[in-house]
Amino acid sequence: MTSTPSPLSPARASGAPLPVVVAGALGRMGAEVVKAVRDAADCTLVGAIDTTPGKEGTDVGLELGLGELEVAITADFEGTLCQASQAVRNAGPGGGAVLVDFTHPNVVYEHARGAIAYGVHPVIGTTGLSPEQLADLAEFAAKASVGGAVIPNFSVGMVLLQQAAAAAARFYDYAELTELHHNRKADAPSGTCIKTAQLIEELGKAFNPAQVDEHETLAGCRGGRRESGLRLHSIRLPGLVAHQEVMFGGPGETYTLRHDTIDRSAYMPGVLHTVRRVRQLEGLVYGLERLL
């Protein structure tokens, strides 16, 4: 008897290992990605990009306590993409290198566009891209026939929460979303929270109809209000990793959905699944649920 593999089960390795470049390699998420790629039999690390002063030229594995990986840290983003592209330029359909980016909202758009231009498949975990930037990247990827993925959250549990929230929205007219992150996260609200709101809004209904003439004595205390009426709240504190809560209210009851990331290793199955799938895409996809 054979068992059906999980959607996140590793693909059987065939031929050359999948070449992966990690941008933000010394960051908290980047370090986890480097480790995950090292441990994946069908992947190989071919580039480690990071702008931390004094680290250029050092072995990324030694810097992260993983042992020597024979991949030097570099701040040369374009040079690394160029090398990765040339190394697999004859790979054909379904081939090519993959860039995994966990850097900063200020540079992620240029990184994604640069990867597409070099024929390297971007897997973007950095949040903060505007709708206009996403639309531009999607158009550029389609014209270049380079698959890419923008994933606000790589957690399978978060995808399940989002699906449950979208289903619950049919039955509730009142809902608010709260996301909680560490205090070194640059953008607010998080891309995951925005994506959750967008999935709820696909129903096409309005939320939180006014019951009183509401006013704030402290600006912003009611959170950010979207056109649908959904309100989003952001909390930043040391000690947090990544957490999200969606609360629905109805007559005599509340319904609360919550997801807590305890450790960043929770994202790695989703990262590797996306890395393995992105080379088969014909354009840009947004959200892990599109790949499961």
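A residue counts as buried when its relative accessible area is under 20%. The views below are taken from a predicted model.

View 1. A disulfide needs two cysteine sulfur atoms within 2.5 Å.

**View 2. The cysteine Cys-221 is partly exposed.** A relative accessible area of 44% places Cys-221 in the partly exposed class. Zero disulfides are found in a search of the whole structure. Cys-221 is in no disulfide, and its nearest cysteine sulfur is that of Cys-193, at 17 Å.

**View 3. Tyr-172 and Tyr-255 form a stacked aromatic pair.** The structure holds four aromatic pairs. In the pair of Tyr-172 and Tyr-255, the ring centres are 6.2 Å apart and the planes are at 20° to each other. Tyr-172 is in the loop between α6 (156-168) and β7 (174-181), and Tyr-255 is in strand β11 (residues 253-261), so the pair ties together parts 83 residues apart in sequence. Tyr-172 is buried, at 11% relative accessibility, whereas Tyr-255 is partly exposed, at 33%.

**View 4. Three residues form one aromatic cluster.** The members of this cluster are Tyr-172, Phe-248 and Tyr-255. Tyr-172 and Tyr-255 are also the stacked pair of the previous view.

**View 5. Arg-113 sits over an aromatic ring.** The ring belongs to Phe-140, and the charged end of Arg-113 is 4.0 Å from the centre of that ring.

How values were computed. Residues numbered from 1 in each chain as written. Predicted model: local features only at pLDDT ≥ 70, side-chain atom pairs only at ≥ 80, totals over all residues. Heavy atoms only, no water. Phe/Tyr/Trp six-rings, centres within 6.5 Å; stacked < 30°, edge-to-face > 60°. Helix = DSSP H or I, 4+ residues; strand = E, 2+ residues; numbered from the N terminus. Buried < 20%, exposed > 50% of the residue type's maximum accessible area, 1.4 Å probe, protein only. Lys NZ or Arg CZ within 6 Å of the ring centre and 35° of its normal.
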